[in-house]
Amino acid sequence: MEATKENYFYAEKPVGQLLSRRDFLKAAGVSVSAIAISGYVVTDIVQKRKSYIALRQQGLYKDDKRLQKINLAGSHQNASCLKVYQDMGTKPMGEVAEQLLHTKTYVDRSNLLMQGAHHG
Amino acid sequence: MSEVSKIRTFPPSKESWGGEAAFEGTHRKGELRGIIKINQDNCVGCDTCTAFCPTEAIKGSLGVAHAISTNKCVACGQCLVNCPFGAIEQMSFVDEIMKKLDDPKAFVVAHPSPAVRVSIAEEFGGTPGDLTINRLYNAFEKAGFHNYDVNFAADQTILEEGTEFIKKVRYWVLGERGEDLEHVAHHPLPHFTSCCPAWVKNAETFHPELIPHISGAKSPIQMGGALAKTWAAEFVWKKDPRDIYMVSVTPCTAKIFEASRPEFNSAYEHLKAESKIPQETPSFQDIDAVLTARDAAEIFRRKGINPLTMSDEREIETMNVYTGAATIFGASGGVMEAALRTAYFILSGTELSNPDITLVRGYEQDIVEATIPVPLKALNGKIINVKVAVVNGASRNIKEIVKRLIDDKNQYHFVEVMNCPGGCVNGGGQPVRTMGTSWLHPLLPLPLRA
Ligand code: SF4
Ligand code: SF4
């Protein structure tokens, strides 16, 4: 895999290399100020991620526009979906559709919270 | 734009599926656990991840290595994509899938989610949002996969979930009664979406009172898995369903959990009931393995394939037909918008004059509310106001929505919940953008400053 690493850029998280836990503790100081620092990091991440969330969303809306132009705005216009119902002799929420496309299994897991799974 | 970081992965171990007990903590027998893990050697205890966790599953005080409670974790991977130190790792099935691709008997199918087509380019030097559709199909084909676009299955989801929602409206809003509505009598409004597996597990663990409200329609990937091994096997690929190996390619780490839910073997149950496979066939899941967008990139790299240099030409095939409604599933508000396009058409008898329901879009607001007037064909154009809400990011917003519903349970008809802020485009399986080191600068001792 060495070769591919050269072909496509690929970076380790840069801070990980720069700072060990001890360095981090020294740098941040486990003190009140460190709490303020963590808070700052979170705000910074939230700010930065907005830019790539926006770009990725725009990509999807661009795809949507492309499809709207060829009369494929809504799912009921998908001919492949209609073929599925035809071939399987069913319709939305029909018997076969219920078997394959719906679930009845949602599990109440709340009362299991206290039972001892380990902390990994 | 910043670069993309490498995320460490680990293969599942025998313990990952649990032992013989029906339950271990919150996990049922066979359900994958420990999908997201904090590497104790690399965690510096900066505490950043705890702010991104929707279920307060991460324990540890400042400066001490943190750990995840398997019981509470919904495997969303938000901690992983936001850890500034790259200390969090993901369970990966890359090795298993590489082996399958070499097995001449296996008919290996790639099932790529909407949000992967706007992120995979980043792993190869592209910009976030670069649309990779035909290039991605061609890359999968070159790697040895057949294609079945999850977007096609997402359209199926809308047809099913839209029909279900309309039945609920007829029963609960319009007061209709009848045999075909009996089922929804046990499922009151508001209707909650079911396609985000992290949200579903969150509800099952922390808000079981919401379970009757969650749509019974499966997620697109799970519909796709079941249809691949029944309908597509028989009518499109003409393959023995037992040879089909379904690989969903997702922006999501919680989908790894979802695929292991024991009830998601519907194709097997159906085929057996129809005597299309021998009765003694051992059970198989609808989705055999899950790749995150990062994992898919890793497979491409191992095979020396760069999707960005693949041809952008391709004929439209039955298995890759999809609509705009399906592709926007990957953005927060998208499932709602997609469902409304079809529900509006069915209820009113006409297409929306403008399919863009921009009100429900976006990534800035935690909770978006909107009211959509829909004229009813069956009632001579009488208008009902469909009240909807979009929960964008689960961390604190689920509690808020539940609070609002306790105050007034008639507040909404339809609620979309996405665990990840911005929707699947920001999922825990997406390429991870480094934040660089600038944020640390003021903290660093002078000799370490770049
Ligand atoms: S964000 Fe990363 S380094 Fe910081 S406490 Fe969490 S796992 Fe550890
Ligand atoms: S994967 Fe999600 S639920 Fe699990 S610890 Fe990380 S942020 Fe919390």
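I began with the buried area: chain A and chain B bury about 10000 Å² between them. Carbon and sulfur atoms carry 64% of that. I note for later that this is a predicted model.

**Who takes part**

I looked up the residues in the contact next. Chain A brings 86 residues and chain B brings 134 residues.

**Charges and polar pairs**

How many salt bridges lie between chain A and chain B? I found a count of six. I picked out one of the pairs in this model: B:Glu122 and A:Arg56 join their side chains in a salt bridge, at 2.8 Å from N to O. Then I turned to polar contacts. The rule gives 36 residue pairs across the interface of chain A and chain B, with both residues at pLDDT 80 or more.

**The chain A side**

I wanted to know which elements touch chain B. Those of chain A that give two or more residues are α2 (14–18), α3 (21–28), α4 (32–69), α5 (79–88) and α6 (95–101). Which of them gives the most? I find that α4(A) does, with 30 residues. I also sorted this side of chain A by class. It has 45 nonpolar, 23 polar and 18 charged residues.

**Ligand 1**

My last stop was the ligand. I listed 13 residues around ligand 1. Which come nearest? They are B:Cys43, B:Cys46, B:Asp47, B:Cys49 and B:Cys83. I classed the shell around ligand 1 too: nine residues are nonpolar, three are polar and one is charged.

Notes. Residues are numbered from 1 along each chain as its sequence is written. Chains are lettered from A and ligands numbered from 1 in the order in which they are written. This is a predicted model: local features need pLDDT of at least 70, side-chain atom pairs count only at pLDDT 80 or more; totals for chains, interfaces and linings use all residues. Side-chain values use heavy atoms; hydrogens and water are left out. Contact means heavy atoms within 4.5 Å. Buried area is the accessible area (1.4 Å probe) that two parts lose on being put together, summed over both. A salt bridge is a side-chain nitrogen of Lys or Arg within 4 Å of a carboxyl oxygen of Asp or Glu. A polar contact is a pair of N or O atoms within 3.5 Å; within protein, one must be able to donate a hydrogen and the other to accept it, and residues adjacent in sequence count only if both atoms are side-chain atoms. Helices (H or I, at least four residues) and strands (E, at least two) are DSSP runs, numbered from the N terminus. Ala, Val, Leu, Ile, Met, Phe, Trp, Tyr, Cys and Pro count as nonpolar, Asp, Glu, Lys and Arg as charged, and the others, Gly among them, as polar. A residue is near a molecule or strand if one of its heavy atoms lies within 4 Å of it.
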